[in-house]
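Visitor: I'm new to this one. Could you walk me through it, one question at a time?

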Amino acid sequence: MLQVLLSGLTVGTIYGLVAMAFAIVFYVTKVINFATGQLLMVSILLVSGLVKLGLPDWLGIVTGLVAATVLGVATYFIAVRPVLRFDRFSFAWLVSTLGVAIVIQATFALIYGPASQPFPRGLHAIPVRLGPATLTVQEIVTLAVGLLAIVGWHLVRRYTLLGKLGKAISTDPEIASTVGANVTAFAVGAFAIGGFLAGLAGILVGPITYGNPYLGDTYGIFGFIALMIGGIQRPAAAMGGGLVLGVLSIAANTYIGAQASDWFPFVLVLLVLLLTPNGVFASGDQLRRLFRTRRAYQQGVNA
Amino acid sequence: MSATTQTDALVVEGLSGGYDRFDVVHDIAFRVGCGEAVALLGPNGAGKTTVLRAIMGLLRHRRGRIEIDGTDVVAAPPHRIARGLAAMVPEGRRLFVGQSVEDNLRLGGIRLRGDRARTEELLAGVFELFPVIERYRDREATALSGGEQQMVAIGRMMMADPALMLLDEPSLGLAPLAIADLSAALRRLREQDRSILLVEQRVDIALEVCDRIYVLSGGRIVDEGRASDMGAEGRALIDAYLG
């Protein structure tokens, strides 16, 4: 039971980091970067390739993270900015970011081939016993990174003027620009953070998945499902959605059948979208609103 | 009247512009002197908001010359113009949703974020002009009444300490009492020698607050004059335009 929970939270943190990458980009630009999953794959395969060439692990990891970040920013300049400059309300980024995803995936498939590439085991080789459950050091680091991502995001958004400016851009970019916000710089920053988080998720999950060019599809889709479960409006909730998805998927694997996590997330997201369309963590607001209207109605009746 | 002097807060010459290559305003020319309050009057659809948006850098298609405090900004993006040249009270206030009154004000002054003392001084100035909103500083700004929200919007503009203040229909949608407060506040700003460009539909407020007025119709300036010269005849003319 504890093992299911801990393993679920670890996997969920990976989904959550990808979901946060989606959500932070969306928060600032109202664009979904469909190449996010591919950025995770890029960091994994670069580490695999560079380590195979004889580079030290840490150099491979740094290169992987930098590449994912740079590719995230490049996606903005290649696939998003031109489209939005042409028409601010265009939805053409749906196709153009997907195009970037396909190009990245095809390029890496061409270079690496479809076979699985080894990934340095690193911290994943060290197990830690926690009562009846076992985690590896890598998994514990993963959980810590997830926690750090949520807390860091919350602190910046809530307590720094820069975070508040980001929130202002999120709600009204035009007026934010009239108080001095460089909206383009914020968009670039969002795509950079998104790329970095996706790359980080790749480094953390690499020892488990190994590298192959089609990982981006899997993690892109699961990250997107986590985003739908948590709610797209708040990046911290997206991480929460990842955790819920992770725990329930591992539980489904354990209690329903070994392949249940292949289909279970889709059932889960359907249920979530049916019951609370704005995500699990927005439902509190909806409940409160419901009670408020009822109370207001009753006060009206009593008056 | 046409001379460009160093002391002008705003000089606009030959300004044309609009949306998607479809011009809304044509060959506009006017000026706001330093410490002067000028009103832009005109009927709905005359292009008043478009002129204001062009000055603030929000209008992508604009040509001609727009000089704020001696700097040509016709090609500058809004976040550059916001660095001390101009600040705006937009039509409909547009406070930052989900943020407190104080955060809205501090965001208005974000260009001065390195200068703590100046920011606190400006904040004190806003609260001195609008004591009401100091009591609500921790409340969510958009939960305030219309009049109070307008005070926050004006305060947000004041926090930037700009060379030129732009106000787009601040009286719109306010209760009569709130409008009285508003015009008192605008007069106070005027007394502090701020350079102000006010777009209004309410001629009485414009004449009360401003030194000079321009009348805009069909995207062109059709009349101008001193507010003090506006007798009953002038008012009737303006009213006819505002129809």
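This is a predicted model: local features need pLDDT of at least 70, side-chain atom pairs count only at pLDDT 80 or more; totals for chains, interfaces and linings use all residues.

Visitor: What share of the residues of chain B count as buried?
Guide: Picture the C-alpha atoms of chain B filling a box of roughly 45 × 40 × 35 Å along the principal axes. Among contacts in chain B with a separation of 6 or more, 68% are between residues 24 or more positions apart. Of the 243 residues, the share that counts as buried is 57%.

Visitor: How much area do chain A and chain B bury between them?
Guide: The contact draws on 17 residues from chain A and 21 residues from chain B. Carbon and sulfur atoms carry 61% of the buried area. The total between the two chains is about 1800 Å².

Visitor: Which residues of chain A lose the most area to chain B?
Guide: Look for three residues in chain A that together make up 30% of what that side buries. They are A:Leu161, A:Thr178 and A:Val179.

Visitor: Which element gives the largest share of the side of chain A that touches chain B?
Guide: Across this interface there are nine residue pairs in polar contact, both residues being at pLDDT 80 or more. On the chain A side, the elements giving two or more residues are α6 (161-171) and α7 (173-178). That side divides into seven nonpolar, five polar and five charged residues. The largest share, six residues, comes from α6(A).

Visitor: How many salt bridges cross the interface of chain A and chain B?
Guide: Over all chains, the whole structure has 21 salt bridges. One that joins the two chains is B:Asp103 with A:Lys164, at 3.0 Å from N to O. Across the interface, the count is four.

Visitor: B:Arg94 and A:Asp172 meet in a salt bridge; is A:Asp172 buried or exposed?
Guide: This pair, at 3.0 Å from N to O, crosses between chains, from the loop between β6 (86-89) and α3 (101-108) of chain B to the loop between α6 and α7 of chain A. B:Arg94 has 30% relative accessibility, so that residue counts as partly exposed. A:Asp172 has 13%, and the cut-off for buried is under 20%. So A:Asp172 counts as buried.

Visitor: Which residue forms a salt bridge with B:Glu169?
Guide: B:Glu169 sits in the loop between β7 (164-168) and α7 (176-191) of chain B, and its partner is 121 residues apart, in helix α1 (residues 48-56). The closest N and O atoms are 4.0 Å apart, and the partner is B:Lys48.

Visitor: And is B:Glu128 buried or exposed?
Guide: B:Glu128 pairs with B:Arg188 in a salt bridge, with the closest N and O atoms 3.3 Å apart. The link runs from helix α7 to helix α4 (residues 116-129) of chain B, 60 residues apart. B:Arg188 counts as partly exposed at 31% relative accessibility. With a relative accessible area of 57%, B:Glu128 is exposed.

Definitions and conventions
Residues are numbered from 1 along each chain as its sequence is written. Chains are lettered from A and ligands numbered from 1 in the order in which they are written. Side-chain values use heavy atoms; hydrogens and water are left out. Contact means heavy atoms within 4.5 Å. Buried area is the accessible area (1.4 Å probe) that two parts lose on being put together, summed over both. A salt bridge is a side-chain nitrogen of Lys or Arg within 4 Å of a carboxyl oxygen of Asp or Glu. A polar contact is a pair of N or O atoms within 3.5 Å; within protein, one must be able to donate a hydrogen and the other to accept it, and residues adjacent in sequence count only if both atoms are side-chain atoms. Helices (H or I, at least four residues) and strands (E, at least two) are DSSP runs, numbered from the N terminus. Ala, Val, Leu, Ile, Met, Phe, Trp, Tyr, Cys and Pro count as nonpolar, Asp, Glu, Lys and Arg as charged, and the others, Gly among them, as polar. Buried means under 20% relative accessible area, exposed over 50%, partly exposed in between (1.4 Å probe, protein chains only).
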